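Dear colleague,

I am handing over the structure we talked about, and my notes on it follow directly below. Please keep it open while you read, so that you can look up each place as it is named.

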Amino acid sequence: MIRYVVRRLLESVPLLIVVSALVFALLQASPGSPLAQLERDPTITQADLERIARERGLLDPAPVQYARWVAGALRGDFGRSMQTGRAVTTEILERLPNTAVLVLTAFVFTLLVAIPVGVLSAVRQYSPFDHTVTTLAFMGQSIPIFWLGLMLILVFYFALSNPFTGGPLFPPGGMATTGMEHSWTNRAWHLVLPVVMLSSTWVAWYTRFLRASMLEVLGQDYVRTARAKGLSERRVVYRHALRNAALPLVTLIALDLPMVFSGALFTETIFSWPGMGRLFFQSALRRDYPVLMAIVMFTSVLIVIANLLADVAYAYIDPRIRYE
Amino acid sequence: MRSLVPKPLVVLALAALVVVGVAHAQDTATVLLPEDLSTMNPYTTTALITMQVVPAVVEPLVGVDPDGQYYPILAREVPTVANGGVSEDGRTVTWRLLDGVVWSDGTPLTADDVVFTYEAATTGTDSVRAGAFAAIEAIEAVDDTTVEVRYGEYNSSYLDQFQWGILPRHATGDPADMSTWDFNRAPIGTGPFALAEWRTGDRIILEANERVREGREPHLERVVFMVVPSEETRAAMMQRGDADVMLWPGTNLRDVWDATDLVNLDTAPEIWILRMFLNLGERGNPVEGQAPHPILGDVRVRQALAYGIDYDLLIDVLAEGRVLRATSPFQLGWYACELDGYTYDTERAAALLDEAGWVMGDDGVRVAQGAPHAPDGTRLSVEMVGYSDFRLLEQTMLVIGDLYRDLGIATDVRTVEMSVLFGGWSDRAARKTGDFDILVYDTGTGINPQLHVFDLLHSSSIPREENDGAGGNYARWSNARADELLELGGTSPDLDERRAAYCEVAELVHDDVPQIFLYQFAGGHAYASRLQGFETSTWAGLVWNIADWHLE
């Protein structure tokens, strides 16, 4: 197993190199310049612009710039943001915990809701419960999530008031009230609406997915055998059926997990959450190449790792799967 | 029947509701920003958002009030020839600083900090202001509160050079490292507020500067700048009374503010004037002394075009009164000129066109019959080009096109992408090479109009082969008297004399019509009714008078 993991990790090195070169080339080829914002200011002179472009190495040929980036990245130095002048790693480390809290909470919430609901929906196929869940799931998949976010604010921040304090029921965004950053209740209160917004689509997808894969498994011979053995229905469903039905779910989770790093742009924008999604978006708008490169590369690494984890998890869940 | 939700959960939820209530503080104002600042060092960024926050902490020598008049901030007075601050030849400017000013860390402010600001701006890495200080030949701290600045020749921007704020030598670093100074994240200033905390992408918290000089103390204890990217969320927070100021609300929100007593909108004129540039020279022939434009080369036609526009219709109906009438390039500030401008007068316009040799044809379009620059039979047809993705501009052009058609002028209205319209000489952009009839776009000038209007109206600023396309006199207007006056505006150290010169230029532009002025934009901020002392300024960022803000 360990050999397998090591081999997979080594195999991913050339892949990451290709990714970095491709992304760098795409950024170079796309129109726009990190200095465009400066050029719009009528008080800045052409001489100033040229000097700044030279100082930042933007006048060097693209291969030279790429080589410089690789040399730095290998030493763990991803350069400085063109906007703020701060180290890219500082920028990212500042945002990462914020995004991690939001995305992980939404993830856990999603699994806590989607697994029991999906299983129940399959076990009681075509029951009123199943129909309700199916309808809600389709709604969850089709509602644009930025619209849902705005509606959440309209209802739970703007329209409804807290009957005890007269203030809003939930805050309109941010991670905590100014001065109450260390209060866990305050932080949790700020998490509620963004987590609901972010998980709505996930819950819908995961529920439908699990329902389908449970239905398939429930018709298998080994489930009939388990029932024939006289096992309790609970044991049949959760021990024998779910364990097999969950296998494809692991793939889904592995694909979504890198979002913990890359962030959730819409949710972060609507709920003023200072996370990775907004950092990436802002950097893209301003052509802040060092930040963009670093985020794309970290995300790629995470995708590689998440896929590897998924494969390892397969072996754990399904003993028939063995890696040489 | 059994409840679906366990009882302990209900109790917990209710408890949470009680705990998290937030009270309105009387000493804290909340400002909503659409995006975070990238740095607090005004010498490494040109982003407008920076100047909406930083001047509360980092102060300049002089500022510009909403009326466009200079007033001293860290200087004792605005240096002029009259008070001896500017030498007779205008080449030496003496700044005298206020006594007893200290930085928020307790160190005294000295003339050396002004010298340091110059050094950082001109030699600092990533400095975006080096060009603005280039005219300075020497700068010297004469004593602790006196700085002498010497220029090679009189420089009309001498008051604007220190408008971005004075930097502390002791709390910054080597200019060679300016892009990585700690100061950029945690500035030390002399202003009414000091930075307490900056959480990237989230909020900036300013607290009253305890060491601020007498007379500059703020009423508020704390101002929180919250970064709220969604405009809908910002508007909801204003309506709910959870925020006191919203920076730059969109005009689509006007109905929202009208519907509530909690929020007011405070607008001020913006420097941008929408105008038509009439091409006086032959199309697409950018050489000195080229032939006049067959239609627009005649001043009577140009005047007819100016009389042919219903300005009230554009301003009151089309723009719903959100813009202001403009009649010259000199609308605001100390240099504002009183000028009546053209009025909508179709009879006069028609008479001028008749007189210029353009008679009405059978199909409703005039044709040349004895026009000075066009062969007989030429149709009176012009092309009007503006930039795309700006609805009001496009509608304005369409309305003008309709009005012109009624006068017998066939008008073809078109928009092109901004990056195309404002292309450079090397791109052979139509604006630069003169390959157009009429261009419509907005441009404007700051508190020192000299560089802008010289570029726009002086004959040496006509882009052509001889000067490699430098300059912005796209109408290709050449007027010897205007040239003289514009040169005077750049060399006279006397503001009254400069203003008189500019206003005479305005008269010449009015009579000769190289440009037609349509209207001037206005913008501002939304603020809570409970916030007193708030005022939007054309010339300064949101916080220019933040010390005066207080809550009811």
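**What was found**

The largest nonpolar core has 145 residues, and those with the most contacts inside it are B:Leu32, B:Val223 and B:Val245. Here a nonpolar core is a set of buried Ala, Val, Leu, Ile, Met, Phe, Trp, Tyr and Cys residues joined through C-beta atoms within 7 Å, and a residue is buried if 20 or more other C-beta atoms lie within 10 Å of its own, exposed if 12 or fewer, and partly exposed in between, with C-beta atoms placed from the backbone. Helix α8 (residues 184–218) of chain A gives the largest share of this core, 14 residues. Helices (H or I, at least four residues) and strands (E, at least two) are DSSP runs, numbered from the N terminus.

Please note that this is a predicted model, in which local features need pLDDT of at least 70 and side-chain atom pairs count only at pLDDT 80 or more, while totals for chains, interfaces and linings use all residues. Residues are numbered from 1 along each chain as its sequence is written, and chains are lettered from A and ligands numbered from 1 in the order in which they are written.

Chain A has 14 helices and zero strands, and its C-alpha trace spans about 85 × 65 × 35 Å along its principal axes. Of the 324 residues in chain A, 33% are buried.

Where the chains meet, 38 residues of chain B are in contact with 39 residues of chain A, two residues being in contact if their C-beta atoms, placed from the backbone, lie within 7 Å. On the side of chain B that touches chain A, the largest share, five residues, comes from α3(B).

How do helix α7 (residues 145–159) of chain A and α3(B) cross, and at roughly what angle? Their axes come within 11 Å and cross at roughly 10°, where axes are lines fitted to C-alpha atoms, for helices over the stretch in contact, and angles run from 0 to 180 degrees between N-to-C directions. The two helices α7(A) and α3(B) are therefore roughly parallel to each other, since angles under 35 degrees count as roughly parallel, over 145 as roughly antiparallel, 65 to 115 as roughly perpendicular and the rest as oblique. In this contact, A:Leu150, A:Ile153, A:Tyr157 and A:Phe158 in α7(A) meet B:Glu232, B:Thr233, B:Ala236 and B:Arg240 in α3(B).

With best wishes
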